[in-house]
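Open the model in your viewer and keep the sequence panel beside it, so that each selection can be followed by number. The tour moves from one group of aromatic rings to the next.

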Amino acid sequence: MVLADLGGRISAALRTMTTNTILDEEAVDAMLKEISTALLAADVNIKLVAKLRKNVKARINLDDLATGLNRRKMIQQAVFDELCDMLSPPFKAFVPKKGRPNVIMFVGLQGSGKTTSCTKFALHYHRKSWKTALVCADTFRAGAFDQLKQNATKARIPFYGSYTERDPVKIAQDGVEMFKAEGQEIIIVDTSGRHKQEASLFEEMQQISNAVAPDDVVFVLDSSIGQAAHDQARAFKDTVSVGSVIMTKLDGHAKGGGALSAVAATESPIVFIGTGEHFDDFEVFEVRSFVSRLLGMGDVGGLMNAIKDAGLDKQPELYQKLQQGVFTLRDMYEQFQNVMKMGPLGKVMSMIPGMSAMMTKGKEHESQARFKKFMTIMDSMNDDELDTENTTKMMTESRVFRIAMGSGSHPQHVWELLEEFKRFQKMVGKMKHLKIGKNGEMPQMNRNQKQAMQQMGKCLDPRMLKQIGGMSGLQSLMKSMNGMDMSAFGGLE
């Protein structure tokens, strides 16, 4: 999870409100002091922190809290609202229009991850069935065109550039005109960066902007500079009409919170955040969703969108098997595939309320690799082994040894997979009592909600149930999900 340290410290401060026997102004001040310390450690501007602290206190009515209302929930909501206000720009970013060319120009300093962000941006829209293309107008940095060419080829995105032409304005103009003629809908122009804010950089940006008339100018910013992001964003915005910002390298620096809040203070909307080097490490930045995940509250709306985007909301064959309490290694393999379709595991986990705490910092890629290792092992199994309902009896030592040899793994890894499978199979065996319909609906949820929730609670791993807040947390989660099934991320347990 991005900014996991900051989120963990704020969440810990909020949890003290539930353990305090006496809730008075002193207790609230202590909680706000811890939150303020966490924000300052993330390099958030001291004036913004002071403002947040003052506004949270103004929102909290101690008289109401003392009457026995949900103290943590009310205080958490006040902190949540103020953090959202801190990061929310006063206007919305540019939204591309389907069926017409949208020229988007990327600007930024060298080393900020601009060229990689161009490809991530193009791939994001390409996956949503947009026609996207890339133009390399960076003639200053050696190897810039080679990098964009390599990234675009890997992502299967059309690209344009030149090894001989040295005029970036002409390259940008020719590339944009060519892709407009081809009917491309999103044309991304990657411009030169510099090691510092040189006058020549701004002059070149202005010339390219005048030549291609971009619909939006995206400023790519390295989050590791913290509060200094404010001055950089302001300088670029004063030169070209920056319409939106992409924040990169939020996965490896403690100063990311300061950079986010500093850019928001310039009134430039942040549209995406980069959380790693891979193409999938790229998230749409939606303030309320981001803050909700930061505080460990999850993002059920984002989870539902991820499920729909991956096409996992309709699985009639799986629902039929759940009705019968049947679960095979092939089913497990398919559910692992489903989870992988939804994006990086750490991101998916952070969308489920309380589950981000179960994902140890820095272990996201390790867990993803474990999924892939298990899938490789299952690729070495035959149909009988994948489809049997009596895996324990069939998997003899000789079979395990053969599967290990075929998958290039140690027999111990195969036994680990089988132990994991037994746990899933046991959970699915309990799920047949839920009476899941052919479309994933649970009619008894409406008829006898209490009994249905108790049965569902028995199906979940106790650790997971505890993390989402027990039975009350499960009830809130299911209410937010509006009755949708949890099968699409069953492999997360």
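Select Phe421, which counts as buried because its relative accessible area is 1%, where buried means under 20% relative accessible area with a 1.4 Å probe and protein chains only. This is a predicted model, in which local features need pLDDT of at least 70 and side-chain atom pairs count only at pLDDT 80 or more, while totals for chains, interfaces and linings use all residues. Residues are numbered from 1 along each chain as its sequence is written, and side-chain values use heavy atoms, without hydrogens and water.

Rings of Phe, Tyr and Trp (its six-membered ring) pair if their centres lie within 6.5 Å, and planes under 30 degrees apart count as stacked, over 60 as edge-to-face and the rest as tilted. By this rule there are 15 aromatic pairs. Phe421 belongs to helix H21 (residues 411–431), whereas Phe327 is in the loop between helix H14 (316–324) and helix H15 (329–341), 94 residues apart; helices here are DSSP runs (H or I, at least four residues), numbered from the N terminus. Phe327 is also buried, at 6% relative accessibility.

Next, select Phe336 and Phe371, a stacked pair with 4.5 Å centre to centre and 20° between the planes. Phe336 lies in helix H15 and Phe371 in helix H17 (residues 364–379), 35 residues apart. Phe336 is buried at 2%, and Phe371 is buried at 11%.

Finally, select Phe106, Phe121, Tyr125, Trp130, Phe272 and Phe282, which ring pairs link into a cluster.

Key: Helices (H or I, at least four residues) and strands (E, at least two) are DSSP runs, numbered from the N terminus. Buried means under 20% relative accessible area, exposed over 50%, partly exposed in between (1.4 Å probe, protein chains only).
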